[in-house]
Amino acid sequence: MIDRTAEPPTGRLVDRTRADPTTPLLVTGLASAAILSADAEMRAPRETRGGTVEWGGAYAEGIRLTGPWTIAGGIDGREYDLPSTLEDLEAFRWKVVSTHAWGPVRVRHRVVPMPFGPGVGRTLEFSSPEPKRVRVLQRIQPFLAPVLVEGIKPYVYRITGRGTGLEARAFGWAAVLAPSFPATSWSLDRRPWDGKDYRGELGEVGIVHDLDVTAVPRSLTLLVSGGLASTVDKDQELGTTALVGSRVWPPAAEAAWASWTAGTPTMELPGAPQLARAYDLARSAVRALYTKPTDDITGLVAGYPWYPSLWCRDQAWMLPAVLWLGDRAWAEASIRTVLRFQATSRIPLLGAEVGEIPMQISPGPVFLYGTSDTSLYYPDLTRRLVDHGGPLDTVRDLWPHLRAVADWAKAKIDTTSGLFTNGGEVAELRDATAHFGSVHYGFDAVDTTIWDSTDRRDHAIDAQVHCLRAFRAMGELGSRIGRTDRVADDEGVAQRLADAIATRYTWPAEKYLYDSLGRDGAPLPKLRPNALLAVSAGLLDLDTGRATVVRAGQDDLATAWGLRTLSDRDASYDPTAYHDGQVWTIATAWAAEAAFAVGDAEGGLRWLGTIADRIVEENGLANECYRGDRPEPFDSCFLLGFSVAPFLTVLFERLWGLVVRSDQHALSVRPAFPAGWSGARLHHLAVAGGFVDLDWTPSRIEVRWSGPGPLDVRSGDATLALGHDGAGTLDLRAP
Amino acid sequence: MDSFPGHRRPNRYGSRIGADAMPCGKLRCDLSLLRQGVSVAVGFGFRSLEGLVDVAQLVEQSVYEPRSLTRTPSGFGFTLLNPPLRMGAFSSVRLLWNGVAVDPQRAALCLPGSVPVRLSSVGLTDPVTLPVGRRTRFTVEAEEVARGRHQLRLELQSIAVPPRIWLEFSDEMRPPLGPPP
């Protein structure tokens, strides 16, 4: 009997009976989010880049609508707040509910982002065995700035009355505060507001409701909605209409989550229950990053609290997991969103070159380019999309975009070194903007690889791997759709890069790979985890690959909580430097993948376990990074897609050893489970338009297939040809 | 030219005609800006252009407080409304005034509700966090502060993200601030 170790059926992430202000809570809809703390208050002060920054509030359409939003009560001359009166609190991905005792009055409190719209609703339900007059005071700090503009908050707001509520505007962004029934009074910076237009500096909006409370529950909802001013302009009923439906948000939100989860695979790993638990949590964490803030943007935000916009590199690392989770439609829409904003002309002010894919896209839509590697991911992602069942017509449709990426990349291949060139992007952007505006600011970064705060010029090894994958995918996709005119050229580029990685990056003294090469061929002798990507891509012979994995596992790069971005023996190592010493979970996932790739299943499993421990310990969130010298988050978003999605991908592709070719109705399964495991299950895996259930034991794999056509399942030398709705067994014992 | 035309007195007719008002380089820049704006509008829609302008305006108006460069009894001062580009703590704050580095012993910043902190005392063990959405006043001791336009550059070192951050602006030196109302 295999134990179920899945996420509890309720999906509850946090359960508290005492206020816990240090634990952040995140609840998300597709166009909105709320950040609060496990004391039920919408405040979340958090260490950010070494200082303390307040993140609590409501977010929608990529705009931070509010800063802290607090609630206080007054009954019979006594004052109450939510944290000190908390009796219990439960947090889910889609809502936070808590119960409070305000003297004799019971308060049920609920925070729910609109499941599909741009707003966050907060409901208080009061009841009391004896009639009481309750005064409720809500204080909200307006914010109204895009999250992509780090650390900037407007000062001046335009305030107008809107129905029974209030509308706030700053620059091109707006929010509507709509109560479910008229307030007793409003205030602006604690001065009474009579509903007349106001324009000026503003730090706080106050809303007072006086309620007569009895044993019959009475509720008050305040909805904060908006984002782009055009959204607020377009829908004059925004707020009011949404409020009418506020009672159905929680069930609608829960239903949306349940429906999505039901479409994803379930995984049972009795030999590693923590891993299975982390799988469930990581899966729902990926869903928490889904975003569709406006009609023209679909994708996944990079993380919370300070990266909730679409960062195209981060999304690229997430989409393979989305495909394994069976949400091909979301993956395709996400790729299409990114390609829609591919630069068609040179725009120096935005750092854009022709064919380049943006670094970041935010509602507006606004976008910014200027990274060395983001564009490189998308040809191979499209190849993956087709492998997972995407139609070839999609490739034909996207082909001009992919070709433009390849042309952009080819132009960056240095004619002397023959390698893809990274670096200089920020300087170009700075030069382009130097003559505009009256205030200039920037940073002296010289490079924009995934570790964009450190110098890895000119030919970072991971950039070569991504470039190789891009051209390899172009060759493969070109062949599949009959566009063979440049297949040989694309494959030639890929092969030359493969040869270069295998020969020119070798670092004999360390039995590792150099992090980068200069244009003159001079190596950059820095020991970073990025070299492991070359191992996973199969670009090194097995002995070199194994030696590289072993070297990465030494304690100057490896810690008990993950892999550092730089060896602590390096002169420039700093345990708090973002990319020169901190531990990043994505690097830990690279280590796991590389270990599996060279046959070190125990090592791979150990690294996966390290990530799983973090995800479970952090209540289904997953920090971006930790200090290099102790397992303490530092300068870290509390949830980053980098820290959950690659973990999921490694589970599917390396631990289960899955390779899918839906277009060929083929699935390969080569599990890398350690000796001693007696069973594992993976059910409801989306393949070739249907679903596969796999039940593994050391001697065989039971396969059940429900799909529209045949499916060939292979594991090593064993093959199984299944017809529609077929079932069978793969015998794993040697013949 | 005034960096902040929305805050200045109406221009006198012809007062700034000449190289300063429309230098060739400026014309080139404006045409380039126009061309790039058209590229955005054509490629991605007018809403994108509007959105980018909104972001640019937010950034331009929400870091250095326009018209806050003023004389003080001992020199001059100016105000930041938000941290420039990067949130969090800084281990070093360097100020350049008209291209010359200011002695950090003679410059200070004052966070809301706090006593002034000399730039010389900011360090890795005593970093300073510029708050979001709250004013930080910088003051500089200077013997002579000329009238007219001044250029200021701040260079800050985040304790978490290594590349140096910088902010540059220029403004007219204005008379001392009056007493608070």
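**Reading a predicted two-chain model**

Reader: Which residues of α11(A) are buried?

Author: The general idea concerns the turn of a helix. An α-helix has 3.6 residues a turn, so residues three or four places apart point the same way. In α11(A), the buried residues are A:V487, A:D490, A:G492, A:V493, A:A494, A:L497, A:A498, A:A500 and A:I501. These buried residues pack against three helices of chain A, namely α8 (392-411), α10 (461-480) and α12 (532-536).

Reader: Which residues touch the most other members of the largest nonpolar core?

Author: In soluble globular proteins, nonpolar side chains tend to be buried together. Here the largest nonpolar core holds 275 residues, and A:F647 and B:F78 touch the most other members. Beyond its neighbours within four places in sequence, A:F647 is in contact with several residues, including A:L275, A:A278, A:Y279 and A:A282. Further contacts of A:F647 include A:A589, A:L608 and A:I611. Another core, of 11 residues, lies apart from the largest one; A:M114, A:A178, A:A229 and A:A242 are among its residues.

Reader: Is A:R283 buried or exposed?

Author: A residue is judged by its relative accessible area, and buried means under 20%. A:R283 has a value of 6%, and therefore counts as buried. This residue belongs to helix α4 (residues 273-288) of chain A. Not counting residues up to four places away in sequence, A:R283 touches A:W260, A:T261, A:T264, A:P265, A:T266, A:L325 and A:L648.

Reader: Is A:E79 buried or exposed?

Author: The cut-off for exposed is over 50%. A:E79 counts as exposed because its relative accessibility is 73%. A:E79 is found in strand β8 (residues 78-81) of chain A. From A:E79 to A:W102 there are 23 places in sequence, while their C-alpha atoms are 8.4 Å apart in space.

Reader: How many cavities of 30 Å³ or more does the whole structure have?

Author: The search finds five. The largest cavity has a volume of about 170 Å³. Among the 23 residues of its lining, A:G62, A:T291, A:V301, A:Y304 and A:P308 are the closest to its centre. Strand β23(A) gives the largest share of that lining, three residues. The lining of the largest cavity comprises 17 nonpolar residues, five polar and one charged.

Reader: What pattern does chain B follow along the sequence?

Author: The order of elements is α-α-β-β-β-β-β-β-β-β-β-β, with two helices and 10 strands in chain B. Of its 181 residues, 45% are buried. Among contacts in chain B between residues at least 6 apart in sequence, 64% join residues at least 24 apart.

Key: Residues numbered from 1 in each chain as written. Chains lettered and ligands numbered in written order. Predicted model: local features only at pLDDT ≥ 70, side-chain atom pairs only at ≥ 80, totals over all residues. Heavy atoms only, no water. Core = buried A, V, L, I, M, F, W, Y, C linked by side-chain atoms within 4.5 Å. Buried < 20%, exposed > 50% of the residue type's maximum accessible area, 1.4 Å probe, protein only. Contact = heavy atoms within 4.5 Å. Helix = DSSP H or I, 4+ residues; strand = E, 2+ residues; numbered from the N terminus. 1 Å grid on protein atoms, 1.4 Å probe; cavity = no way out; pocket = protein on both sides within 12 Å on 5 of 7 lines; lining within 4 Å. Points joined across faces, edges and corners; volume = space filled by probe spheres on them. Nonpolar A, V, L, I, M, F, W, Y, C, P; charged D, E, K, R; others polar.
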